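Hi everyone, thanks for making time.

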Amino acid sequence: MSVSIILSTITVIFLEVLIGYIFTKQGLITGANGRFLSDLVMKIFVPCMLISTGGTQLKEGTMGKMLLGAVLLIGWYVLSTLICLFISKRKGLDKGDEAAFIVTAALPNSAFLGIPLITALMGEETGMSYEVS
């Protein structure tokens with residue numbers, strides 16, 4: 001059962017990306033439209049999801065797990081950023097390329113796939129708890 005949930009969730013996400021790709025190739029999404037859509041998601045949809053989390057009853061021990069997750073996440077970001085800085089210095093990248101390398105390598109958008117998959121597999125409460133931490 002879990003495999004079918006994962007496959008259906010990944011299929012939906014893949015179709016969303018495919019539609020965005022096709023629309024961009026067809027010229028329906030341009031630079032200005034893309035910025036508008038990004039702003040819409042980041043300034044309207046994400047805050048609405050965070051607000052909806054406020055009404056979720058958390059199970060006992062969830063807050064401790066969220067705190068542990070936050071500490072591990074911050075540790076990972078620091079470690080991966082240091083590794084990326086070391087690599088970029090060894091490669092002799094200029095400041096702009098170094099910054100782009102660090103952002104793309106050290107700060108991946110795991111929420112893009114993570115939150116929908118966790119929510120589909122473990123329920124709304126767990127997915128929203130992951131999102132907040």
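Let's begin with K89, which counts as exposed because its relative accessibility is 54%, and the cut-off is over 50%. Keep in mind that this is a predicted model.

What does K89 form a salt bridge with? The partner is E98, and the closest N and O atoms of the pair are 3.1 Å apart. In general, side chains of opposite charge can pair when their charged atoms come close. E98 is buried, because its relative accessible area of 8% falls under the 20% cut-off. A search of the whole structure finds one salt bridge.

Now for the helices. Helix α3 covers residues 62–91. Its 30 residues should span 44 Å at 1.5 Å a residue, and the end C-alpha atoms are 42 Å apart, so the two agree. Which residues of α3 are buried? They are T62, M66, S80, C84 and S88. Just after α3 comes G92, with a positive phi of about 75°.

Helix α1 gets the same kind of check. Its 24 residues should span 34 Å, and its end C-alpha atoms are 34 Å apart, which agrees. The buried residues here are I5, T9 and I13. As a reminder, an α-helix has 3.6 residues a turn, so residues three or four places apart point the same way. After α1 we meet G27, whose phi is positive, near 85°.

One last stop is the surface. F14, L15, L18, I19, Y21, I22, F23 and L28 make a nonpolar patch of about 770 Å². Of these, Y21 is found in α1, which runs over residues 2–25.

How values were computed
Residues are numbered from 1 along each chain as its sequence is written. This is a predicted model: local features need pLDDT of at least 70, side-chain atom pairs count only at pLDDT 80 or more; totals for chains, interfaces and linings use all residues. Side-chain values use heavy atoms; hydrogens and water are left out. Patches are made of residues with over 30% relative accessible area and no salt bridge: like charges are joined within 9 Å, nonpolar side chains (Val, Leu, Ile, Met, Phe, Trp, Tyr) within 5 Å. Accessible areas come from the Shrake-Rupley method with a 1.4 Å probe; for residues, only the protein chains shown count as cover. A salt bridge is a side-chain nitrogen of Lys or Arg within 4 Å of a carboxyl oxygen of Asp or Glu. Helices (H or I, at least four residues) and strands (E, at least two) are DSSP runs, numbered from the N terminus. The expected span of a helix is 1.5 Å times one less than its number of residues. Buried means under 20% relative accessible area, exposed over 50%, partly exposed in between (1.4 Å probe, protein chains only).
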